[in-house]
There are 2 protein chains.
Amino acid sequence: MTSSSDLEQIESRIVSLVKDFAFPHADDSIASSCRPIADMVATQAVTSSEGGKRLRALLTLDSFRAFASKDVLERDFDALLDLACAVEVFQTGALVHDDIIDDSDLRRGKPSAHRAFSTDTHSEAIGHGLGIMLGDMLATASVDIADKAASKLTYGSDVVAALLNMHREVEVGQILDLAVELNSLDDPNELVEASLNVFRWKTASYTTIAPLEFGMLAAGLSKDDARRHAVAVGLPLGLAFQLADDLLDVVGSSRNTGKPVGGDIREGKRTVLLADAINAADDGQRRELIDMWEADSRSETQVQRAIELFGQTGAIARSRNRIADLWHASKSAIDALDLSEYRKSPLVEACARFVPDIRANA
Amino acid sequence: MTSSSDLEQIESRIVSLVKDFAFPHADDSIASSCRPIADMVATQAVTSSEGGKRLRALLTLDSFRAFASKDVLERDFDALLDLACAVEVFQTGALVHDDIIDDSDLRRGKPSAHRAFSTDTHSEAIGHGLGIMLGDMLATASVDIADKAASKLTYGSDVVAALLNMHREVEVGQILDLAVELNSLDDPNELVEASLNVFRWKTASYTTIAPLEFGMLAAGLSKDDARRHAVAVGLPLGLAFQLADDLLDVVGSSRNTGKPVGGDIREGKRTVLLADAINAADDGQRRELIDMWEADSRSETQVQRAIELFGQTGAIARSRNRIADLWHASKSAIDALDLSEYRKSPLVEACARFVPDIRANA
């Protein structure tokens, strides 16, 4: 694994791919009076693409390394790099839409795309419209990048279909996420089930399952084998990743810079942590939690009190156990793969990036 | 040309394709508490797909008939029907996003998707979020349908790339359309140029150019030839179609049922008609028009007055001339194609559907 150099290659490739796609092409006729806005959107496409951890692109490359023969690895690495970037470009587009849906002002420490557009055009309506379109453009770009990459791969025939399935799964996940907002908080078991279900669709789909699947497909595994193995390893890993992310929001340290502790609570997000807390709470605590989450907003005192209750009810410990169990399941699935030790252990390392706490405590 | 039976086949195929794609698949695990919302979105996907004139799908089929050999026509017609439907599914998704951007309550006489969702969930925010996601899902579906269709076509290799280019062009067009809203009305020549530019990207791209191109590609024309011919015929045709549509909004009769006359004026849309009127107006009329369009809204009296001014300034006559010239250019481009008369004349008929007035007056 040469992640740091992978990371550099991914970064520069993403910028060049997004520029190629989002800026008007040389032979595109754009009326001169409209060009400033077209250029503003293209520039924002690049800005919005910056600053990710690129975990998904890295996993795509590492999955390919684990499964590809030496020949295919050398011949197809460059095309695979594009495919890995397609996942990141998809994510950027999904986050642009996500920020509109959640009405978020910030993304990765900078103004969210629709907010930046609203400021620049002095119009909320036009800013939102341009944001919806930027998200659409990046979604189209991700398929376009993958389609071109697939045509260069030795084993590229099922790649576009897998990528489109990933798009669909995340879109379903976003719909389920909105559905959870409408559910009652009175049935915590239902909330746990629904939240894990959202994680499967909205997070695991494109964070771990699809990157593993793309690497395997490009290495020549059959469509069915790639799917089966990618789900076996990637589903528990993706769930663990999202649980760890939610946990970090509550017990976070300087490691998760830029994100104030308790952000999810402040937003009233319905998490597995909350469900576990409601589930294990006594009647008074349960009422307290439900009242807080049913209110329109939560004060800083309430955020601190909620974190306290997450600890007291054992929800935090429960989450750590959930993460450990899921990581164990993911590792067992890797163990069951027909891979030499030489290929298996870098894959375990690559997957461990998604659960940093586990790795630190291991 | 067997359009009426084409139309029936297109209608039923669209419904079955959208159902296949939008409803959770049999092996999809959806938490039971979230299923009602997932089903609501899937049902709306079908509702939003109903009621179009299917001009784009029909043109795709007719372009294929004009260019394909008898063998290919018979062998590939079924796959081509799917490809034709992919254009319609794309349009439905684009209109769902368009209605959010324009904050439109109605679409084809029914509540727009995001408005229906807002009503059903009793939440504007969730309704908008679900609307954005439905648009995303339908965009993904259109590529998925085309990708599967392309794999069955004898000449399918360039079809997905052409479809993705169509997606990109319409997204650029939507961005340019928003940009025009920000332009000054003081330079009518600039407004004409910008409006025609929006028509090229937002309308001609997927209404005429892409359907012609898909039919030609599937018939076996080279990528470059298909593109060149499709633009030569489809660009003037698509511009004429949009000009005719805008004209119908002003001089419309019972033929354009469901649409109240002057809707574009009421919304303050910046059209070529408006630009032509401002261009030919005297100082007083010009001031009157600009004041009306710079206001937040227009009264019924003002709408009638604007229509009167469009007539008095000669803008309506100018538009009719523009449409006739563009239709002539499109027909000349068809004439220049290397096609037998037997194939040429049904193609002219198919294209004439996009400019019904011309046909009636011919």
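Over the face of which residue does B:Arg200 lie, and at what distance from the ring centre? In this predicted model, B:Arg200 lies over the face of B:Trp201, at 4.6 Å from the ring centre. In chain A, the charged end of A:Arg200 sits over the ring of A:Trp201, with 4.6 Å separating that end from the centre of the ring.

Contacts between aromatic rings were examined as well, a pair of such rings being described by the distance of the centres and the angle of the planes. Over all chains, the count comes to 6 aromatic pairs. One of these is formed by A:Phe241 and A:Phe354, which are arranged edge-to-face, at 5.6 Å centre to centre and with 75 degrees between the planes. Because A:Phe241 belongs to helix α9 (residues 223-251) of chain A, whereas A:Phe354 is found in the loop between α15 (341-352) and α16 (356-361) of chain A, the pair ties together parts that are 113 residues apart in sequence. Both A:Phe241 and A:Phe354 are buried.

In chain B, the ring centres of B:Phe90 and B:Tyr206 are 5.7 Å apart and the planes stand at 75 degrees, so this pair is edge-to-face; the angle is over the 60 degrees that this class requires. The pair links distant parts of the chain, since B:Phe90 is located in helix α4 (residues 70-102) of chain B and B:Tyr206 in helix α8 (residues 188-219) of chain B, 116 residues apart. With a relative accessibility of 4%, B:Phe90 counts as buried, and B:Tyr206, at 8% relative accessibility, likewise counts as buried, the limit for this class being under 20%.

How values were computed. Residues numbered from 1 in each chain as written. Chains lettered and ligands numbered in written order. Predicted model: local features only at pLDDT ≥ 70, side-chain atom pairs only at ≥ 80, totals over all residues. Heavy atoms only, no water. Phe/Tyr/Trp six-rings, centres within 6.5 Å; stacked < 30°, edge-to-face > 60°. Helix = DSSP H or I, 4+ residues; strand = E, 2+ residues; numbered from the N terminus. Buried < 20%, exposed > 50% of the residue type's maximum accessible area, 1.4 Å probe, protein only. Lys NZ or Arg CZ within 6 Å of the ring centre and 35° of its normal.
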